[in-house]
Amino acid sequence: QVQLAESGGGLVQAGGSLRLSCAASGRAFSAYDMGWFRQAPGKEREFAARITWNGGSAYYADYVKGRFTISRDNAKNTVYLQMNSLKPEDTAVYYCAAGRPGSDYEDYMYWGQGTQVTVSS
């Protein structure tokens, strides 16, 4: 069992930056791929970024490439999402999730409660 808790959300002006953190408790954090997802009001949840269990590879949705960076510190059981050049359309609740290496996002087993990011124009 893995428990996830996001933090770092808030209100920021367009063009600004935020760094989200997701702290994990429980067993074997380093055994899981970690992902960040987001859900805007009235929209379905969508994938933003993923990092493999050992931090060796990272993958991004097209709409965040070049602006967002995912990283992890397995010694601290934490995954991060650095968000730069934020746009109003990035406004959403951001969730972190954990899944077995190579699994589809729909099969990610553990989810946090989410943290609100609001970008003003």
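**Entry 1: P101.** I looked up the contacts of P101 (contact meaning heavy atoms within 4.5 Å) and found that, not counting residues up to four places away in sequence, P101 touches A31, D33 and W53. The model is a predicted one, in which local features need pLDDT of at least 70 and side-chain atom pairs count only at pLDDT 80 or more, while totals for chains, interfaces and linings use all residues. Residues are numbered from 1 along each chain as its sequence is written, and side-chain values use heavy atoms, with hydrogens and water left out.

I placed P101 in the loop between β9 and β10 (110-111); strands are DSSP runs of E of at least two residues, helices are runs of H or I of at least four, and both are numbered from the N terminus. P101 counts as partly exposed because its relative accessibility is 46%; buried means under 20% relative accessible area, exposed over 50%, and partly exposed in between, with a 1.4 Å probe and protein chains only. I also noted that I51, 50 residues from P101 in sequence, is 9.6 Å from P101 in space, C-alpha to C-alpha.

**Entry 2: Fold and dimensions.** I counted 0 helices and 11 strands in the chain. The C-alpha trace spans about 40 × 25 × 25 Å along its principal axes. Of contacts between residues at least 6 apart in sequence, 55% join residues at least 24 apart.

**Entry 3: Nonpolar core.** I recorded that buried residues make up 44% of the 121 residues. The largest nonpolar core has 34 residues, of which L4, M34, W36, V79, L81, M83 and Y94 touch the most other members; such a core is a set of buried Ala, Val, Leu, Ile, Met, Phe, Trp, Tyr and Cys residues joined through side-chain atoms within 4.5 Å. The strands that each supply at least two residues of this core include β1 (2-7), β4 (33-39) and β8 (78-83). The largest share, 5 residues, comes from β9. I then followed Y94: leaving aside neighbours within four places in sequence, its contacts include L20, W36, F68, L81, M83 and V117.

**Entry 4: Charges.** I found 12 positive and 11 negative side chains, the centres of the two sets lying 6 Å apart. Lys and Arg count as positive and Asp and Glu as negative, without His and the chain ends; each charge is placed at NZ of Lys, CZ of Arg, CG of Asp or CD of Glu.
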